[in-house]
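This briefing is for a reader new to the structure. Look over the sequence and the model before reading the points.

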Amino acid sequence: MSEKIEISYQVYESVDALPLEDKELLLEAEKISETAYAPYSNFLVGAAIRTENGQIVTGNNQENAAYPSGLCAERTAIYYLGSQFPNENIKTIAVAARRRGQEFLAVAPCGSCRQAMVEYEAKQEKPIRFIMRGENDTVLVLPAIKSLLPFSFTDF
Ligand code: THU
C-alpha cells in the first residue's frame, strides 16, 4: 500500500498582484525586517501575523554572540502573540527576508519555526495561511502551516 501527500498553494506573479490584506501584511513583514538584530548573518527577516480580529503583530530575527541563542523572526513574532494575546486566533503569517542592502529573496521558514507554527495551528483548530516569496518576484500563499510540515511532532 502507498499513500500520497499533496500540497496546493496559490502563486501570485508579484507583491502587487496579492489581495490587498495580504499585500499589506507582507509589507509589514518587509518593514519589520529593517530592525532585525542580525550582526552575525546580516540576513534580515521579518514576520507579520494577522489575527482573526484584524490585529497585526510583527517580529524579526534576534541574533546573539552565542549563535544558537538567537531566534528567527517567525518565532519571535508568534511567541510574542502567544504571550500577549493567548486567545487570539491567527489568520495569516507573512515572512520577508533579504541580505542586508539587497532585494527580498525567496525564503521558506526553517524546520524549527514550522514546528512552532504548526502547534499554534493545531491549538486553534483552524488553518493559518502562510505567505512567502517564491522565485522571480512571485509570492506564494499556502493554505495552512501543516502544508509546510506534514508528519509534524505532536504531544497533545
Ligand atoms: N532566520 C529567520 O529569522 N527565519 C527563517 O525562516 C530562516 C532564518 C534567521 C535566523 C538567523 O538570524 C538568520 O536568519 C540567518 O540564518
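Predicted model: local features only at pLDDT ≥ 70, side-chain atom pairs only at ≥ 80, totals over all residues.

Residues are numbered from 1 along each chain as its sequence is written, and side-chain values use heavy atoms, with hydrogens and water left out.

**Sheet**
- Six strands form an open sheet in the order β1-β6-β5-β4-β2-β3, with mixed pairing.
- β1 (10–12) and β3 (56–60) are the edge strands, each pairing on one side only.
- Strands are DSSP runs of E of at least two residues, and helices are runs of H or I of at least four, numbered from the N terminus; two strands pair if DSSP finds at least two bridges between them.
- β2 and β3 pair in the antiparallel sense over five bridges, and isoleucine 49 stands opposite valine 57 in β3.

**Nonpolar cores**
- A nonpolar core is a set of buried (under 20% relative accessible area, 1.4 Å probe, protein chains only) Ala, Val, Leu, Ile, Met, Phe, Trp, Tyr and Cys residues joined through side-chain atoms within 4.5 Å.
- The largest nonpolar core has 23 residues, of which Ile49, Ile90, Ile93, Met117 and Phe130 touch the most other members.
- At least two residues of this core come from each of β2 (43–51), α2 (73–84), β4 (90–99), α3 (111–124), β5 (129–133) and β6.
- Another core, of eleven residues, lies apart from it and includes Leu25 and Val139.

**Threonine 154**
- Threonine 154 is in the segment after β6 (139–142).

How values were computed:
Buried < 20%, exposed > 50% of the residue type's maximum accessible area, 1.4 Å probe, protein only.
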